[in-house]
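Here is a two-way conversation for someone meeting this structure for the first time. Have a look at it, then follow the questions.

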Amino acid sequence: MNWPLEALLSFLAAGAFGVIFNAPRRTLVSCGLVGMSGWLIYRSFFLIFEDSVQASFAGAFAVSIVAHLLAKKFRMPMIIFSIAGIIPLVPGSKAYNAMRNIVENNYLEAIAFASEALMISGAVAMGLVFAEVMMQLFFKRQAKRIQRKMGLTQE
Amino acid sequence: MAQIGETRRELALDCFLLAGRIMMESGAETYRVEDTMIRMAVSQNMVNSHCFVTPTGIMFSPSEELATRFVRINNRSTDLERVALVNSVSRNLVSGEYTLQQAYDEMLMIDQTNYRSSIWVQTLAASVASACFFILLGGSWINLPFAFVIGGIGFIIVEKILEETRVKIFAEFIGAFVIGILASLAVYSGIATNLDTLIIGSIMPLVPGLLITNAVRDLMAGHFVSGLSKGAEAFLTAFAIGAGIALVISF
């Protein structure tokens with residue numbers, strides 16, 4: 001696969017989604033970066049383990065972490081950055097194939113595709129949630145450490 | 001709870017509800033809306049306030065003895081710029097940089113201004129996104145212009161029908177149907193190849209990504225009512241897109 005090309009395309013796609021969702025102008029480049037990191041991690045996991053469920057989990061995890069960091073930096077809600085990044089991971093082609101097979105009366109194949117699409121969307125959701133919980137734990141601990149250093153805790 | 005005057009309290013309530021309504025209409029997560037409203041309330045000495053946010057209405061009760069207020073949310077769209085602006089106003093109010101009156105005026109201005117870029121810019125963005133996904137999903141460079149054009153046409157049709165009828169599922173159904181027809185025409189007339197990738201790339205701008213993300217995050221945060229109703233909205237959208245495409249490829 002062609003890494004620079006995929007990086008550029010996923011950057012452009014996520015940035016374009018930022019425009020569609022009307023993200024603030026100065027965050028558009030960051031939206032693109034979030035999408036790019038999510039897609040590249042997804043692709044590299046997919047190439048190594050050849051399992052799109054795990055790869056989607058890793059991609060969503062990366063999207064959520066990067067979006068969190070950017071949200072802290074810009075002091076804006078995290079949702080602005082995470083949405084554009086999640087879109088490339090949505091199992092559009094699996095869902096399409098499932099529906100196509102249903103229309104053509106291949107119900108068994110359709111069930112296989114549909115359950116894969118369901119697993120992938122579950123994995124994306126779990127990736128988002130795991131990353132969020134971990135970031136919250138991390139930032140809470142960091143805030144406590146800073147407070148202790150400055151002698152602000154009442155322990 | 002420190003006593004504050006009647007007019008000031010009314011202004012504060014108007015301000016919180018306006019903030020909640022704008023955020024909910026622009027596609028923020030439910031738990032963020034509740035969090036923002038409670039923070040603003042605490043900064044105005046309303047410590048025992050409760051609020052309950054659903055995708056279709058917001059209830060806010062300032063304290064036990066005061067009356068509960070309610071606003072209805074009619075139309076929801078995605079406008080992240082507004083979410084960011086309301087968020088920064090509420091931050092300024094909580095940190096004490098804005099007075100209540102300033103914050104309320106600012107919210108009113110945000111409510112009345114149209115921050116969306118023009119429909120043509122959005123269509124162009126949808127076209128670019130479709131083309132990028134087409135290549136990412138393994139389409140060939142020769143067919144790139146078709147994905148670009150069809151994705152843009154599908155997006156603008158959905159937006160225009162949504163403007164006219166306000167029925168989301170119908171607009172998405174027609175949009176997906178037109179995308180399917182155009183892609184099939186391009187492939188069966190022999191100009192383009194690879195029907196599946198062409199259709200998947202072109203319907204990408206219609207995928208309910210925001211709704212799915214919000215539904216999951218609301219469910220995990222314990223807001224089951226809004227999580228389930230947003231999930232239902234996402235499911236309806238996905239169903240409309242699927243039905244539109246299925247209608248075309250069943251011929």
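Q: Are H6(B) and H7(B) roughly parallel or roughly antiparallel to each other?
A: Helix H6 (residues 144-165) and helix H7 (residues 168-188) of chain B pack with their axes 8 Å apart, at an angle of about 155°. Axes are lines fitted to C-alpha atoms, for helices over the stretch in contact, and angles run from 0 to 180 degrees between N-to-C directions. Angles under 35 degrees count as roughly parallel, over 145 as roughly antiparallel, 65 to 115 as roughly perpendicular and the rest as oblique. H6(B) and H7(B) are therefore roughly antiparallel.

Q: What kind of model is this, and how are its parts numbered?
A: Residues are numbered from 1 along each chain as its sequence is written, while chains are lettered from A and ligands numbered from 1 in the order in which they are written. Local features need pLDDT of at least 70, side-chain atom pairs count only at pLDDT 80 or more, and totals for chains, interfaces and linings use all residues, for this is a predicted model.

Q: In which handedness does H6(B) pass H7(B)?
A: A crossing is left-handed if the near helix is turned anticlockwise from the far one by less than a right angle, and right-handed if clockwise. For H6(B) passing H7(B), the crossing is right-handed.

Q: How many nonpolar residues are in the contact of H6(B) with H7(B)?
A: Two residues are in contact if their C-beta atoms, placed from the backbone, lie within 7 Å. H6(B) contributes residues including B:Ile150, B:Ile157 and B:Leu162, and H7(B) residues including B:Ile174, B:Val178 and B:Leu182. Ala, Val, Leu, Ile, Met, Phe, Trp, Tyr, Cys and Pro count as nonpolar, Asp, Glu, Lys and Arg as charged, and the others, Gly among them, as polar. The contact has 3 polar and 2 charged residues, and its nonpolar residues number 15.

Q: How many helices does chain B have?
A: Helices (H or I, at least four residues) and strands (E, at least two) are DSSP runs, numbered from the N terminus. Along the sequence, the pattern of chain B is α-α-β-β-β-α-α-α-α-α-α-α-α. Chain B has 3 strands, and its helices number 10.

Q: How many helices does chain A have?
A: The pattern of chain A along the sequence is α-α-α-α-α-α. Chain A has 0 strands, and its helices number 6.

Q: What share of the residues of chain A count as buried?
A: A residue is buried if 20 or more other C-beta atoms lie within 10 Å of its own, exposed if 12 or fewer, and partly exposed in between, with C-beta atoms placed from the backbone. In chain B, with 251 residues, buried residues make up 49%. For the 155 residues of chain A, the buried share is 53%.

Q: Is B:Phe16 buried or exposed?
A: B:Phe16 lies in helix H1 (residues 6-25) of chain B. Leaving aside neighbours within four places in sequence, B:Phe16 is in contact with B:Met37, B:Met40, B:Ala41 and B:Phe60. Because 30 other C-beta atoms lie within 10 Å, B:Phe16 is buried.

Q: Which helix gives the largest share of the side of chain B that touches chain A?
A: The contact takes 32 residues from chain A and 43 residues from chain B. Elements that give two or more residues to the chain B side include helix H3 (80-95), helix H5 (119-136) and helix H10 (224-249) of chain B. The largest share is 10 residues, and it comes from H5(B).

Q: How are H5(A) and H8(B) oriented to each other?
A: Helix H5 (residues 92-103) of chain A and H8(B) have axes 10 Å apart and pack at an angle of about 125°. The contact is made by A:Gly92, A:Ser93 and A:Tyr96 of H5(A) and by B:Asp196, B:Ile199, B:Ile200 and B:Ile203 of H8(B). H5(A) and H8(B) are therefore oblique.

Q: How far apart are the end C-alpha atoms of residues 169-191 of chain B?
A: UniProt, in an unreviewed entry, places the feature "transmembrane region" at residues 169-191, 197-216 and 228-249 of chain B. UniProt positions are in the numbering used here, feature names are shortened, and annotations may be inferred rather than shown by experiment. Residues 169-191 of chain B are 87% helix and 0% strand, and their end C-alpha atoms are apart by 31 Å.
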